[in-house]
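Dear colleague,

Please find below the structure that I am handing over to you. My notes on what was found in it follow directly after the display.

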Amino acid sequence: MAGATYDDRDGWIWMDGEWTAWRDAKVHVLTHALHYASSVFEGERAYDGEIFESRAHSDRLAASAKALDFELPIDSAQLDAVKAEAVRRNGLNDAYVRAIAWRGSEMMGVSAQHNTIHVGVAAWSWGAYYGDAREKGARLDLAKWRRPSPETIPCHAKAAGLYMICTLSKHEAERKGYSDALMLDYRGYVAEATGANVFFAKDGVVHTPTPDCFLDGITRRAVIGLLQARGVEVVERHIEIEELEGFEQCFLTGTAAEVTPVAEIGPYSFEVGALAKEAMTAYDSLVRRKVAA
Ligand SMILES: Cc1ncc(COP(=O)(O)O)c(C=O)c1O
């Protein structure tokens, strides 16, 4: 069913209350969101036909919208139903689900007081985000761009504007042959990858940056819970870049990335070790509902 581009496929996209043929789900060039990044979105995965943490994603979309000073015209229960139907209607079993809300075309200046809010939901097949990194470990560049301060931008919103930094960092990493980049924050502490949170392990203890200026991922929270339930100590704290020298293992978490071990971050190397593998296996079981959460 997949065509060469994302606008040329068979299937159905839900847009503003209607199921629209995939190729007809269009917006006008004079759309506020396109000019001023006034949009928020979610990336979710369905496993065996069921979306993992659908309600948490719907609630986060509403919270991101609020952070950008708008309200969704749909509540979380309605959105959950639409997302589930998007998976079903497109004949998918394992799927990636994208919900997005954006400001429309009524006003075209910086002010958007009277723009209507639009919502769309699409779903498609999407395999492993980092290819064969589950076995070998992903290779990450150290980005020159930093996550901004909470005083600069609503940093906990999953807002399109925040991804400008991620695309720039990822492009530069890819040009150098890496698959992603690790970004520091505005203070110089380790923050996250361009679409995933980061964890490190040393002497059986897991360390992960405090999410005080970046997304506290839904996968991140699930993996912390899984590790703690297995008796693993997880420390959330500020991590200095020099500390990477001493960590033995590293892995990323995210809806798209799932749990992916990391073999390299710039000059620092890590083994694909037992804790990274345990987190990966436990998460796989959780999302496929093979163990209790
Ligand atoms: C920048 C960034 N950080 C972290 C995450 C992980 O968030 P989640 O686990 O909720 O998908 C994502 C993915 O959505 C992301 O884009």
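**Helices α6 and α7**

In this predicted model, Ala222, Val223, Leu226 and Leu227 of α6 are in contact with Ala279, Ala282, Tyr283 and Leu286 of α7. By class, this contact comprises 8 nonpolar residues, with no polar and no charged ones. Helix α6 covers residues 218-229 and helix α7 covers residues 274-287. Their axes come within 10 Å and cross at roughly 110°. Angles of 65 to 115 degrees count as roughly perpendicular, and α6 and α7 are therefore described as roughly perpendicular to each other. The crossing of α6 with α7 is right-handed.

**The sheet**

I turn next to the strands. An open sheet is formed by 6 strands, whose order is β2-β1-β6-β5-β3-β4, with antiparallel pairing. At its edges lie β2 (18-21) and β4 (50-51), each of which pairs on one side only. Helix α2, residues 54-67, packs on this sheet and touches β3 (39-47), β4 and β5 (95-103). The direction of α2 makes about 175° with that of β3.

Strand β1 spans residues 12-15 and pairs with β2 in the antiparallel sense over 4 bridges. Within this pair, Trp12 stands opposite Ala21 of β2, while Ile13 has Thr20 of β2 as its bridge partner. The hairpin of β1 and β2 has 2 residues between the strands, and Asp16 in this hairpin takes a positive phi near 50°.

**Helices α2 and α3**

Besides packing on the sheet, α2 packs against helix α3, which consists of residues 76-89. The angle between α2 and α3 is about 125°, and their axes are 9 Å apart.

On the α2 side, the contact is made by Ser54, Arg55, Ser58, Asp59, Leu61 and Ala62. Ser76, Leu79, Asp80 and Lys83 are the residues that α3 brings to it. Divided by class, the contact of α2 with α3 has 3 nonpolar, 3 polar and 4 charged residues. The contact of α6 with α7, by comparison, has 8 nonpolar residues and no polar or charged ones.

**The two domains**

Finally, I come to the division of the chain. Domain 1 runs over residues 12-124 and domain 2 over residues 133-287. The centres of the two domains, taken over C-alpha atoms, are separated by 26 Å. Domain 1 gives 18 residues to the contact, and domain 2 gives 11 residues.

Which elements each supply at least two residues of the side of domain 1 that touches domain 2? They are β3 and α2. The largest share of that side comes from β3, with 8 residues. In terms of class, the residues on the side of domain 1 that touches domain 2 divide into 9 nonpolar, 4 polar and 5 charged.

With kind regards

Technical notes
Residues are numbered from 1 along each chain as its sequence is written. This is a predicted model: local features need pLDDT of at least 70, side-chain atom pairs count only at pLDDT 80 or more; totals for chains, interfaces and linings use all residues. Two strands pair if DSSP finds at least two bridges between them. Two residues are in contact if their C-beta atoms, placed from the backbone, lie within 7 Å. Axes are lines fitted to C-alpha atoms, for helices over the stretch in contact, and angles run from 0 to 180 degrees between N-to-C directions. Ala, Val, Leu, Ile, Met, Phe, Trp, Tyr, Cys and Pro count as nonpolar, Asp, Glu, Lys and Arg as charged, and the others, Gly among them, as polar. Domain bounds come from an automatic or database domain assignment. Angles under 35 degrees count as roughly parallel, over 145 as roughly antiparallel, 65 to 115 as roughly perpendicular and the rest as oblique. A crossing is left-handed if the near helix is turned anticlockwise from the far one by less than a right angle, and right-handed if clockwise.
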